[in-house]
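Have a look at the structure below, then read on for the notes.

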Amino acid sequence: MKTVIGLLLVPILGICALPTLDETAFQKLVETHKGKVVIYDFWATWCEPCRAELPQLTRLEAKLRSQGFELITISADEPEQAADAEKVLKQFAVRGLVFRKQAKDDDQFINSIDAKWSGALPALFLYDKTGRKVRSFIGETDMSTVEAAIRKLL
């Protein structure tokens, strides 16, 4: 529980660098979030559409949180950009778990998330309450489409 609380405070307090996530840790993350509808948001500071989606996703998460929805953000920024990623997360008041992708092998990481994903950003992956990925949104996506998909699972 202390770890989760610490992760929640990272973007708010800026205490330390974003925790990193590789493909093994991602799979464990999915396992530990069974029982909730979760969107895993892959984004980067250099990606304009990603930054445009963050505040929309944050508002969506606030609206649906009480119904069992959770937003988890994963920055695809390089280690030297981690501080910039933290600033963006703080700017948009992103709640919940936040990570920075740090894969040993980017292709293996990408394929472990979705074999059809090229690694393009923004990328949203929607998981149901059983921990099964049910939908992928690659590229700019209308939030009403994302919200409708989430509501079907709540």
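A disulfide here is a pair of cysteine sulfur atoms within 2.5 Å. With that in hand, the model holds 1 disulfide. This is a predicted model, where local features need pLDDT of at least 70, side-chain atom pairs count only at pLDDT 80 or more, and totals for chains, interfaces and linings use all residues. Residues are numbered from 1 along each chain as its sequence is written, and side-chain values use heavy atoms, with hydrogens and water left out.

**The disulfide**

- Cys 47 is joined to Cys 50, with an S to S distance of 2.3 Å.
- The torsion about the S-S bond of Cys 47 and Cys 50 is about 75°, so the disulfide is right-handed.
- Cys 47 counts as buried at 4% relative accessibility (buried means under 20% relative accessible area, with a 1.4 Å probe and protein chains only).
- Cys 50 also counts as buried, at 1% relative accessibility.

**Helices H3 and H6**

- The axes of helix H3 (residues 48-64) and helix H6 (residues 143-153) come within 11 Å and cross at roughly 30°.
- That makes H3 roughly parallel to H6 (angles under 35 degrees count as such).
- Helices are DSSP runs of H or I with at least four residues, numbered from the N terminus, and axes are lines fitted to C-alpha atoms over the stretch in contact, with angles from 0 to 180 degrees between N-to-C directions.
- In H3, the residues Glu 53, Gln 56, Leu 57, Leu 60, Lys 63 and Leu 64 meet Met 143, Val 146, Glu 147, Ile 150 and Arg 151 in H6 (contact means heavy atoms within 4.5 Å).

Terms used
Helices (H or I, at least four residues) and strands (E, at least two) are DSSP runs, numbered from the N terminus. Angles under 35 degrees count as roughly parallel, over 145 as roughly antiparallel, 65 to 115 as roughly perpendicular and the rest as oblique. Buried means under 20% relative accessible area, exposed over 50%, partly exposed in between (1.4 Å probe, protein chains only).
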